[in-house]
Amino acid sequence: MSGNIELLSTTLAAAKAEGRAALIAYLPAGFPTVDGGIEAVKAVVAGGADVVEVGLPHSDPVLDGPVIQTADDIALRGGVRIADVMRTVREAYEATGVPILVMTYWNPIDRYGVERFTAELAEAGGAGCILPDLPVQESALWREHADKHGLATVFVVAPSSQDARLAAITAAGSGFVYAASLMGVTGTRASVGAQAQELVGRTRATTDLPVCVGLGVSNAEQAAEVAGFADGVIVGSAFVKAILDAPDGTAGLDAVRSLAGELAEGVRKR
């Protein structure tokens, strides 16, 4: 079975044709439970998310701030495994029909086996992977198997990335480019910052791939600001925090559905 890279591409193109940015939501698998995580993905899509990133919880998430670290810890203590991540992708995709990517650090894939991981992700209906710590120059094996199975390879660029480095990263990637809005870890912030707009401009000069911005967006106003210059707005910590702050599971689902609705309105205001 082939993965859903084409669905990802057509989804992002459809948002662009509507004159807006896509809303991309991030949620960790296994948080607050495996079943609860699947329901959370369904809830953000019901609220208006166009694409979902399912996080593979990791014990040393170097890109992630304290909110997502807390969620990862809850998932890991609950015994989440890669099989649960694949189940989350499968059931979320079957229920929603939207592109589902996995965001993961390289070590779990390396230990699991690249061929096994890509084959299972494609079979589950996944659209690809976001790989924040895989250097492009060491990515040939991954890209070979991802291409074979119809999966996108999404690399992360940062404000510190020099133009030549940007060109190398975007030439190797597919699906879209993840532009980190600032130097640092994930988390909600009062301002997304001008660095993001400059980075999007420099990245677009190297590629025709959509450029989607993450790190720091937490409300409709910020989503509208980023949607003014990016092809997609990525929101993670704000969704995770909504679940962490909720008194129970039902309230958590209501909270992420409502937040997704507000952010979906934001990306349409741009």
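**Figure 1. Surface and overall size of the predicted model.** About 10,600 Å² of the protein is accessible surface, and carbon and sulfur atoms hold 49% of that (Shrake-Rupley method, 1.4 Å probe; for residues, only the protein chains shown count as cover). Numbering starts from 1 along each chain as its sequence is written, and side-chain values use heavy atoms, with hydrogens and water left out. Of the 270 residues, 59% count as buried (under 20% relative accessible area; exposed is over 50%, partly exposed in between, with a 1.4 Å probe and protein chains only).

**Figure 2. The open sheet.** Nine strands line up as β5-β4-β3-β2-β1-β9-β8-β7-β6, with parallel pairing (two strands pair if DSSP finds at least two bridges between them). At the edges stand β5 (152-154) and β6 (156-157), each with a single partner strand, so one side of each has no neighbour in the sheet.

**Figure 3. Zooming in on β3 and β4.** Strand β3 (residues 100-103) pairs with strand β4 (residues 128-130) in the parallel sense, over three bridges. Met103 sits opposite Ile130 in β4.

**Figure 4. Trp106 meets Trp142.** The ring centres of Trp106 and Trp142 are 6.2 Å apart and the planes are at 90 degrees, so this pair is edge-to-face (rings of Phe, Tyr and Trp, the last by its six-membered ring, pair if their centres lie within 6.5 Å; planes under 30 degrees apart count as stacked, over 60 as edge-to-face, the rest as tilted). Trp106 belongs to helix α5 (residues 106-112) and Trp142 to helix α7 (residues 140-148), so the pair ties together parts 36 residues apart in sequence. Both Trp106 and Trp142 are buried.

Figure 5. Tyr112 and Phe117 have ring centres 6.1 Å apart and planes at 85 degrees, so they pair edge-to-face. Tyr112 is buried at 17% relative accessible area, and Phe117 is buried at 0%. Arg116 lies over the face of Tyr112, 3.8 Å from the ring centre (NZ of Lys or CZ of Arg within 6 Å of the ring centre and within 35 degrees of the ring normal). Trp106, Tyr112, Phe117 and Trp142 form one aromatic cluster.

Key
Predicted model: local features only at pLDDT ≥ 70, side-chain atom pairs only at ≥ 80, totals over all residues. Helix = DSSP H or I, 4+ residues; strand = E, 2+ residues; numbered from the N terminus.
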